[in-house]
Amino acid sequence: MAPSTALTAPRRPFGVVLTAMVTPMTPDGAIDLEAAASLARHLVDEGNDGLVLNGTTGEAPTTHAQEKADLIAAVVEAVGDRAHVVAGAGSNDTDHAVRMAEQAAAAGATGLLVVTPYYSRPTQEGLYQHMVAVADATDLPVMVYDIPGRAGLRIAPSTYERLAEHESFVASKDATGDVGSALKLIAATGWAWYSGDDGLLLPFLSVGAGGIVGVSTHVVAREYADAVRAFDAGDHAAALAIARRVAPVVEALNGAGAQAVMAKAAVEALGLHSNRHLRLPNVQATDAEAAAVRAAIEQAGVFDRTAQSAARPQNTAQPEPAPEVAR
């Protein structure tokens, strides 16, 4: 595929700001669907126009098929047309990933997130066939997830170009940290590009990415949305000022590499769930870790903003549906 040289606006088939959402649980380890629906509504109210369910931050390795489907259905019902609901269909067992995709579609998901097969480290041909098998299982648009730090495997440029010939693949969640490679791949594929590293949103926007799939967006989605709007308007100084303001939250939720753990501590700190329970092998944040997360949220001014929002009269009108997006 020949690279495109035309300068175009970034593609955003799944919106601009998406959160890789935690999966709330009860103290005994059951999935709390009511809390998940409430959290999803809050995240959309705060500026997320997409939610990613059943990813690593959502503890997908420890939740089971029916639980995943029930979670998708509950969130779809909660947010309606206000946000895209992208479901993880990631496994190093291709047949399992295909079933996950089918179940996600049946539960109402509007897109799929398909990660590179982890641990097995297949060849690029095996990776390609895996991705295509999952994409062919449904009619849903697909975002591939390139995260070599967790999967032990990176998608080669030639594989990206082969995948781009398949109409279902429309986007990448790029957690490689390689902004220079993204510059070339966006042009080569014509896909939408999403930063998979919270702290690298602005560098990725500078090479043509359209948004973020984040973890700190549990807390600062509104700020990220403002940063993207400022960047789009050419006000890069304003976008940078916002990035600096949210940096403590980014570090607190991502710095130790325990995103699910710290994101649940943040959700608890914001009063959005009553506990921070996780399933093993993850364990909940210690009181000291939770205090550090709370301090970062306070430093970013989010508690003050949340209090002001709660004091305003609630709008009970039906929200406008999310705009249709081209695939």
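Mentor: In this predicted model, helix α1 (residues 33-45) and helix α2 (residues 65-79) have axes that come within 9 Å and cross at roughly 45 degrees. An angle under 35 degrees would count as roughly parallel, and one of 65 to 115 as roughly perpendicular; α1 is therefore oblique to α2. The crossing of these two helices, α1 and α2, is right-handed.

The residues that form this contact can be listed from each side. From α1 come Leu-33, Ala-36, Ala-37, Ala-40, Arg-41 and Val-44, and they meet Asp-70, Leu-71, Ala-74, Val-75, Ala-78 and Val-79 of α2. Sorted by class, the contact of α1 with α2 holds ten nonpolar and two charged residues, and no polar ones.

Helix α2 also packs against helix α3 (residues 94-107): the axes of α2 and α3 come within 8 Å and cross at roughly 30 degrees. Because angles under 35 degrees count as roughly parallel, α2 is described as roughly parallel to α3. Here too the handedness can be stated: α2 passes α3 in a right-handed crossing.

On the α2 side of this second contact are Ala-65, Lys-68, Ala-69, Ile-72, Ala-73 and Val-76, which meet Met-100, Gln-103, Ala-104 and Ala-107 in α3. The contact of α2 with α3 comprises eight nonpolar residues, one polar residue and one charged residue.

The strands come next. Eight of them form a closed barrel, in the order β1-β2-β3-β4-β5-β6-β7-β8, and their pairing is parallel. From one strand to the next, the twist averages 25 degrees. Within β5, Val-144 is the bridge partner of Val-114.

A last point concerns a single residue elsewhere in the chain. Lys-184 lies in helix α7 (residues 179-189). Its relative accessible area is 59%, and since a value over 50% counts as exposed, Lys-184 is classed as exposed. Between Lys-184 and Gly-208 there are 9.8 Å in space, C-alpha to C-alpha, while in sequence the two are 24 residues apart.

How values were computed. Residues are numbered from 1 along each chain as its sequence is written. This is a predicted model: local features need pLDDT of at least 70, side-chain atom pairs count only at pLDDT 80 or more; totals for chains, interfaces and linings use all residues. Side-chain values use heavy atoms; hydrogens and water are left out. Axes are lines fitted to C-alpha atoms, for helices over the stretch in contact, and angles run from 0 to 180 degrees between N-to-C directions. Helices (H or I, at least four residues) and strands (E, at least two) are DSSP runs, numbered from the N terminus. Angles under 35 degrees count as roughly parallel, over 145 as roughly antiparallel, 65 to 115 as roughly perpendicular and the rest as oblique. A crossing is left-handed if the near helix is turned anticlockwise from the far one by less than a right angle, and right-handed if clockwise. Contact means heavy atoms within 4.5 Å. Ala, Val, Leu, Ile, Met, Phe, Trp, Tyr, Cys and Pro count as nonpolar, Asp, Glu, Lys and Arg as charged, and the others, Gly among them, as polar. Buried means under 20% relative accessible area, exposed over 50%, partly exposed in between (1.4 Å probe, protein chains only). Two strands pair if DSSP finds at least two bridges between them.
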